[in-house]
There are 2 protein chains.
Amino acid sequence: MKKKSNHPNPAVPGFKAAGLNCGLKAKGALDLTLVVSDRPAVAAGVFTKNRVRSPSVVWCEQTLRKNPEVRAVVVNSGNANACTGAQGTLACKEIANSLAGELKIQPRQLLIASTGVIGVPLPWEKIVSGVPALNKKLSSKGWMDAARGIMTTDLTLKTARHAFKLNGRNIVVGGFAKGSGMIHPNMATMLGFLFTNAAVDAKTLKTALRQAVDPTFNSITVDGEVSTNDCVLCLANGAAGNPPLRKKDLPAFVEALTQVCRSLARQIIEDGEGATKFITVRVGGARSVKQARQVANSVATSSLVKTAVFGEDPNWGRIICAVGYSGVPVNQNRIDISLNGLPLVRQGEIAPGVSQPRLKSRMKKKDILIDIGLGQGRAEAEIYTCDFSYDYVRINAEYTT
Amino acid sequence: MKKKSNHPNPAVPGFKAAGLNCGLKAKGALDLTLVVSDRPAVAAGVFTKNRVRSPSVVWCEQTLRKNPEVRAVVVNSGNANACTGAQGTLACKEIANSLAGELKIQPRQLLIASTGVIGVPLPWEKIVSGVPALNKKLSSKGWMDAARGIMTTDLTLKTARHAFKLNGRNIVVGGFAKGSGMIHPNMATMLGFLFTNAAVDAKTLKTALRQAVDPTFNSITVDGEVSTNDCVLCLANGAAGNPPLRKKDLPAFVEALTQVCRSLARQIIEDGEGATKFITVRVGGARSVKQARQVANSVATSSLVKTAVFGEDPNWGRIICAVGYSGVPVNQNRIDISLNGLPLVRQGEIAPGVSQPRLKSRMKKKDILIDIGLGQGRAEAEIYTCDFSYDYVRINAEYTT
């Protein structure tokens, strides 16, 4: 869906950013992004659970396991560097060596991410030859180029920023993301990059990132697909000069990370391939959060529910059907469903006094809330998705390998 | 996909069939089907695993549990009799009582199935008022009307028949089915009705039906949806006069049932909503059949794979990606993939000598075979599906509740 949202500049003090075209994409479109911290930064990541994974993902996982202090993140679009065997690992090494030389850092102080077509060897020479120019372009004003350099089928730039005071210091969290297909919860299901000037230790950053990602990036689905490459990375460089975060500071920091993640996650759904609606599936009255998520996910990935929302049809039969096959032992006689606030199903049957004209008019809204009560407990969860339109098929049938 | 297949008349000796319009569907389209055995018939069924289930499904499960000897099957289309609370159960009773009176049988000797819109109370009075005419129409020539009476969004009639000799007797298995959306494996995921003149005991029939359904009806998927109503029923009335099946006769009988089920299952996929291709996903080299099925299912339900096949694009990246997120612990460096016989991926990388023009021309075929080797064991499985086209979205966005 087209949304005229402002794209905040995600600049964070103590970092510089750049984006350029190195020849991976045609027509000069930006395809190489670099963000560098002016001092060592603590890093954390959340990675795809796909068993088939890009060497770039493996590189980041190994790097963070050995030493979570890094200096830079490089991202290329136009090629996923996935399923290319030993060549893929070589590409990571060549890129890291080249950037390490140019930036005067160690290769293992660099995180790498890639996105684009799978199975085509990454022409890393193009990236390496772009490195000097990329370094020269680094600036505190390069963030929008950096955000643009990671886009693939994205129609919109995705940036977010949040600032708050902590113990008298200005803490900034800024980030950018990409993704509009192959988006599915319970993973880092796209590329997301977060930067903050806060001083945080590695363990705390990892905890905070996980807490911020679960209800945001891990709660969105476009098409139930889980990519080989996706990750969310967060770098914290301490440029704010705050004393390292203490336990009592954690909630404020997690909330800031979560706000940025939530904004980026929402931007991804709004830019979902072919999307015309933003759908929130909320499940309450569940025995556990896990069960609530499982039911919400079943509804949010149902092709029949998503095409019904595209057709603006309040087809609750498809919703209750998807609740029933989620695998969670629900009791159909306790299920309540409302659509954008209008009760539709009560205890498994159509609710009394349902007005089709009122329902139809509510379905015309861009934001659709499907609220499901299971009547079994107190746990709840939300999953965010978009509808399923002709354009999803067009985009994905015409995309050429 | 349009297919000019012959629709064999599924008539089975000792049964009579009829179909008529009782007013559930507009414009006089057939919406009520009855098949009656001229003597008590042993019955078995396989039912949806959806937790939200139609009272018609519950009726059949209870009936077969108590007494597997029945006389007739009645099916209505145009209304699923699902999610209508106590009214749904009442509807089953009223229909059964009315037919029992007309056919001079017990209500519990009748099996009931329904298909159509969910959540709208079934106007059972229309069915009851159609019962006398339905009884009058019963004939050994009524099978094509019976097959037509169960259709909903189906574009084609689905019938199959297989005859074979057993101990000198002519055994016939005939059947008809419906379904083109809400089709997903691991259940009776549509309506299928099988009839045979063989004499079989109830336990053997149940075993044989399960064996026939697993690799056929339970191995197809159109859209990953699992309906509230679906079932496969089989009635065996012994009119062939054979001595009850012995253990040594079982393979021939299972094979006959399987042939009919396979033909009907294939007809459902060919009529999949918006389908233009018939896709077989074969997974070999797995550690277990369960894992092979899980991987095949992941690929067969991937929207990105299905839209790629619609676009005739040999996008193996999407295939290997879906293999990776199936949940089965695969080793990406052992994965082989071929498309319609052309090797495409070898040990996780693009196979040597892949010719794009040859691949593209193979993709133009109506039948697409995606053959995946996991290199981990000897188990294998096949799942059948169709592609994902504009028309799937159109059909399901325009369908009105």
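## Domains of chain A

Domain bounds here come from an automatic or database domain assignment. For chain A of this predicted model, that assignment gives domain 1, covering 15–270, and domain 2, covering 278–398.

## Helix 9 of chain A

Let's turn to helix 9 of chain A, which spans residues 316–324 and is mostly covered, with nine of its nine residues buried. Going along the helix, the buried residues are A:Trp316, A:Gly317, A:Arg318, A:Ile319, A:Ile320, A:Cys321, A:Ala322, A:Val323 and A:Gly324.

## Helices 8 and 9 of chain B

Over in chain B, the axes of helix 8 (residues 303–310) and helix 9 (residues 316–324) come within 9 Å and cross at roughly 155 degrees. Angles over 145 degrees count as roughly antiparallel, so helix 8 of chain B is roughly antiparallel to helix 9 of chain B. The crossing of these two chain B helices is left-handed.

Which residues meet where helix 8 and helix 9 of chain B are in contact? Helix 8 of chain B brings B:Leu304, B:Val305 and B:Ala308, and helix 9 of chain B brings B:Arg318, B:Ile319 and B:Ala322. By class, this contact has five nonpolar residues, one charged residue and no polar ones.

Conventions: Residues numbered from 1 in each chain as written. Chains lettered and ligands numbered in written order. Predicted model: local features only at pLDDT ≥ 70, side-chain atom pairs only at ≥ 80, totals over all residues. Axes fitted to C-alpha atoms, helices over the stretch in contact; angles between N-to-C directions. Helix = DSSP H or I, 4+ residues; strand = E, 2+ residues; numbered from the N terminus. Parallel < 35°, antiparallel > 145°, perpendicular 65-115°, else oblique. Left-handed = near helix turned anticlockwise from the far one by under 90°. Contact = placed C-beta atoms within 7 Å. Nonpolar A, V, L, I, M, F, W, Y, C, P; charged D, E, K, R; others polar. Buried ≥ 20, exposed ≤ 12 C-beta atoms within 10 Å, placed from the backbone.
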